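Please examine the sequence together with the three-dimensional structure before reading the points below.

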Amino acid sequence: MAEEKHHHLFHHEDKSGYVEEVDYKKEEKHHKHLEHLGELGTAAAGAYALHEKHESKKDPEHAHRHKIEEEIAAAAAVGSGGFTYHEHHEKKETKKEDEEAHGKKHHHLF
């Protein structure tokens, strides 16, 4: 299996050996933006699923089609929710790495 590279390192290094400092604030902002897009996607897919559920009751002739579209939209909402959850944790991890890189330590008393 190919070696997996994690993009949250203290430095990025390209093939020539050039080391680039990571802008943690920019990376945190990027993950926050993606998290918000995921939230919008979840809301939109959920709203569409509810709309299709309503249409299946309103239009009994095509109820099966609406039921299928409702289930697809519900699956998309769940997937988008998973993406949002992932980006939320990426944002938290980036913030933690930023604090560690700048000497801020977490003191856990209990």
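The structure is a predicted model. Its chain contains two helices and two strands, and the order of these elements from the N terminus is β-β-α-α. Helices α1 and α2 pack with their axes 7 Å apart.

**Overall arrangement**

- The chain has 110 residues, of which 25% are buried.
- Among the contacts in the chain with a separation of 6 or more, 61% are between residues 24 or more positions apart.

**Packing of the two helices**

- Helix α1 spans residues 24-58 and helix α2 spans residues 63-101.
- The angle between α1 and α2 is about 165°. Angles over 145 degrees count as roughly antiparallel, and α1 and α2 are therefore roughly antiparallel to each other.
- The crossing in which α1 passes α2 is left-handed.
- In the contact of α1 with α2, the residues comprise 18 charged, 12 polar and 12 nonpolar.

**Salt bridges**

- Five salt bridges are found when the whole structure is searched; among them are the pairs K58 with E55, E69 with R65, and K67 with E70.
- In the salt bridge between K58 and E55, the closest N and O atoms are 4.0 Å apart. Both residues belong to helix α1 and lie three residues apart, about one turn of the helix.
- K58 counts as exposed because its relative accessibility is 58%, and the threshold for that class is over 50%. E55, by contrast, counts as buried because its relative accessibility is 16%, and burial requires a value under 20%.
- The salt bridge of E69 with R65 has its closest N and O atoms 3.3 Å apart. Because E69 and R65 are four residues apart in helix α2, about one helical turn separates them.
- K67 and E70 are joined through their side chains by a salt bridge with an N to O distance of 3.6 Å. These two residues are three residues apart in helix α2, so about one helical turn lies between them.
- With a relative accessible area of 39%, K67 is partly exposed, whereas E70 counts as buried because its relative accessibility is 13%.

- E35 is found in helix α1. Because its relative accessible area is 7%, E35 is buried.
- Apart from neighbours within four places in sequence, the residues in contact with E35 are T84, E87, H88 and K91.
- For E35 and K91, a sequence separation of 56 residues goes with a C-alpha to C-alpha distance of 8.5 Å.
- T42 also lies in helix α1. Its relative accessible area is 26%, so T42 is partly exposed.
- Residues up to four places away in sequence being set aside, T42 touches A77, S80, G81 and T84.
- The C-alpha atoms of T42 and A74 are 9.0 Å apart in space, while the two residues are 32 residues apart in sequence.

Technical notes. Residues numbered from 1 in each chain as written. Predicted model: local features only at pLDDT ≥ 70, side-chain atom pairs only at ≥ 80, totals over all residues. Heavy atoms only, no water. Axes fitted to C-alpha atoms, helices over the stretch in contact; angles between N-to-C directions. Parallel < 35°, antiparallel > 145°, perpendicular 65-115°, else oblique. Left-handed = near helix turned anticlockwise from the far one by under 90°. Nonpolar A, V, L, I, M, F, W, Y, C, P; charged D, E, K, R; others polar. Buried < 20%, exposed > 50% of the residue type's maximum accessible area, 1.4 Å probe, protein only. Contact = heavy atoms within 4.5 Å.
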